[in-house]
Amino acid sequence: MDSGGGLLAKEVAHSRVVTVTIDKMTFVRPVHVGDAICVYAKVMRIGNTSMDIRLEVWAKDLTEEFEEQRHIVTEGVFRYVSIDKEGRPQRIPDNPRLPREGLAI
């Protein structure tokens, strides 16, 4: 989940990012060996140097009987901070496609 969210965070920040918190992590179902998983990310908030990204993991059993449905297995909100080459927080650049509050992409 962190890798998937980090990819989106890096794209938004146009820089390296670090994970600083994981909030509201909920485990709904187990993931089994052989399950195919998909991670979906949505930017919830962009601040000056940080952003909150909601992540969901969905799974589908590929080893047993064919299952048409995927099931949510876990979800959480991850906070990432944009950092410079020295590892210090840096401002996330403005992007007209990504408003800083109330974002849903």
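**Entry 1**

I started at Arg-54, which is partly exposed, with a relative accessible area of 26%. For my own bookkeeping, buried means under 20% relative accessible area, exposed means over 50%, and partly exposed lies in between (1.4 Å probe, protein chains only). A note on provenance: this is a predicted model, where local features need pLDDT of at least 70, side-chain atom pairs count only at pLDDT 80 or more, and totals for chains, interfaces and linings use all residues. Residues are numbered from 1 along each chain as its sequence is written, and side-chain values use heavy atoms, with hydrogens and water left out.

Which residue does Arg-54 meet in a salt bridge? I found Glu-75, at 2.6 Å from N to O. The term salt bridge here takes a side-chain nitrogen of Lys or Arg within 4 Å of a carboxyl oxygen of Asp or Glu. Arg-54 sits in strand β3 (residues 50–61) and Glu-75 in strand β4 (residues 71–83), so this pair ties together parts 21 residues apart in sequence. Helices (H or I, at least four residues) and strands (E, at least two) are DSSP runs, numbered from the N terminus. I also checked Glu-75 for burial: it counts as buried, at 18% relative accessibility.

**Entry 2: the other salt bridges**

How many salt bridges does the structure hold? I get seven. Asp-52 forms one with Arg-45, with the closest N and O atoms 3.2 Å apart. Asp-52 is buried, at a relative accessible area of 11%. I then saw that Arg-45, Asp-52 and Arg-79 are linked in a network of salt bridges.

Glu-86 and Arg-88 make another pair, at 3.3 Å from N to O. Here Glu-86 is exposed at 55% relative accessibility, while Arg-88 is partly exposed at 47%.

**Entry 3: helix α1**

Next I looked up α1, which runs over residues 2–13. Its 12 residues reach 16 Å from first C-alpha to last, close to the 16 Å expected at 1.5 Å a residue; the expected span is 1.5 Å times one less than the number of residues.

Which residues of α1 are buried? My list is Gly-5, Gly-6, Leu-8, Ala-9, Val-12 and Ala-13. They cover an arc of only 165 degrees around the axis, so they lie on the same side of α1; the arc is that of the directions from the helix axis to the C-beta atoms. Ser-3, Leu-7 and Glu-11 are exposed on the other side.

The buried residues of α1 pack against β1 (16–27), β2 (35–46), β3 and β4, where contact means heavy atoms within 4.5 Å.
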